[in-house]
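Let's walk through a protein model together, one region at a time. Keep the picture beside you and look up each residue as we come to it.

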Amino acid sequence: MKKICILGILCLAILSAAGCKKKYVSPLETPNVTLAPEDKPYEFDFDQMNNDVIDSLQDEEIFGFVKELDVSGNNESKEIVLNVDIVENVSRDAIEYMLTEATRVIVDAAVTQDFRITSYTSEGFGNLFEKYAYKYKVTCGNEVLVDQVIEIGDSVPFDPSLTLENVTG
């Protein structure tokens with residue numbers, strides 16, 4: 001009985017000592033994401049953006065018609081450039097879906113790199129293209145299939161709600 005009492009007192013001492021540790025208490029009720037000042041220049045890493053787009057489209061495994069893809073850009077001139085080379089006999093719907101997916105990933109990559117950029121929704125592609133021009137070109141060998149420049153502030157002509165089910169029916 002004496003051992004049980006000593007053990008009980010020892011456990012109480014340990015528990016009360018553990019309860020006396022200082023704990024960090026946030027001064028905020030909910031944490032906020034830190035945003036850069038609105039006037040700070042955007043500095044996107046276009047190599048990372050390129051890798052993100054390539055990885056994402058390869059993961060989908062439905063874009064086997066893409067032979068080569070490259071995303072580049074320039075922070076000073078505020079432009080993003082997407083170049084895609086595809087195989088022959090690809091439908092316009094498949095090309096549009098691939099461009100839509102690539103654009104979504106570009107926006108996601110921009111959001112990841114700078115929280116001032118808003119993500120795409122089913123209604124639009126966020127605010128990235130209010131800050132940057134978007135140039136995209138799709139070729140099949142030497143033939144240019146699509147060559148479009150969207151100036152800063154113009155809307156992107158893709159349907160952000162486009163899904164594979166919409167394309168395949």
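To find pockets, a 1 Å grid is laid over the protein atoms alone; a pocket is an open set of points where a 1.4 Å probe fits, with protein on both sides within 12 Å along at least five of seven lines, and lining residues have an atom within 4 Å of a point. Rolling a probe the size of a water molecule over the atoms shows where empty space is left. We will come back to this after a look at the whole chain.

Please note that this is a predicted model, in which local features need pLDDT of at least 70 and side-chain atom pairs count only at pLDDT 80 or more, while totals for chains, interfaces and linings use all residues. Residues are numbered from 1 along each chain as its sequence is written, and side-chain values use heavy atoms, with hydrogens and water left out.

Start with the overall plan. The protein chain has five helices and four strands, and from the N terminus they run in the order α-α-β-β-α-α-β-β-α. Both kinds of element are DSSP runs numbered from the N terminus: helices are H or I with at least four residues, strands are E with at least two. Of the 169 residues in the chain, 33% are buried. Here buried means under 20% relative accessible area, exposed means over 50%, and partly exposed is in between, using a 1.4 Å probe and protein chains only. A contact means heavy atoms within 4.5 Å. Among the contacts with a separation of 6 or more, 59% are between residues 24 or more positions apart.

Now for the pocket. Which residues line the largest pocket? They are I54, L57, Q58, E61, F63, G64, V66, K67, E68 and L69. The elements that each give two or more residues to this lining are α2 and β1, and β1 provides the largest share, with four residues. The space inside is about 170 Å³, a volume counted as the space filled by probe spheres set on grid points, which are joined across faces, edges and corners. By type, the lining has five nonpolar, two polar and three charged residues. For this count, Ala, Val, Leu, Ile, Met, Phe, Trp, Tyr, Cys and Pro are nonpolar, Asp, Glu, Lys and Arg are charged, and the others, Gly among them, are polar.

F63 sits in the loop between α2 (46-60) and β1 (66-74). Is F63 buried or exposed? It counts as buried because its relative accessible area is 7%. Leaving out residues up to four places away in sequence, F63 touches L57, Y97, M98 and E101. F63 and I95 are 32 residues apart in sequence, and their C-alpha atoms are 9.3 Å apart in space. With the sequence neighbours up to four places away left out, E101 touches L57, E60 and F63.

Next, look at the strands. V81 is in strand β2 (residues 79-86) and is buried, at 16% relative accessible area. Beyond residues up to four places away in sequence, V81 touches D70, V71, S72, G73 and K135. K135 turns up again as a contact of V149, together with Y134, when neighbours within four places are set aside. V149 lies in strand β4, and its relative accessible area of 40% is why it is called partly exposed.

Finally, let's visit the aromatic rings. Rings of Phe, Tyr and Trp (its six-membered ring) pair if their centres lie within 6.5 Å; planes under 30 degrees apart are stacked, over 60 edge-to-face, and the rest tilted. The count comes to nine aromatic pairs. Y136 and F158 form a tilted pair because their ring planes meet at 50°, with centres 5.1 Å apart. This pair links distant parts of the chain, 22 residues apart: Y136 is in strand β3 (residues 133-140), and F158 is in the loop between β4 (143-150) and α5 (164-168). Both Y136 and F158 are buried. Elsewhere, ring pairs link Y42, F44, F46 and Y132 into a cluster.
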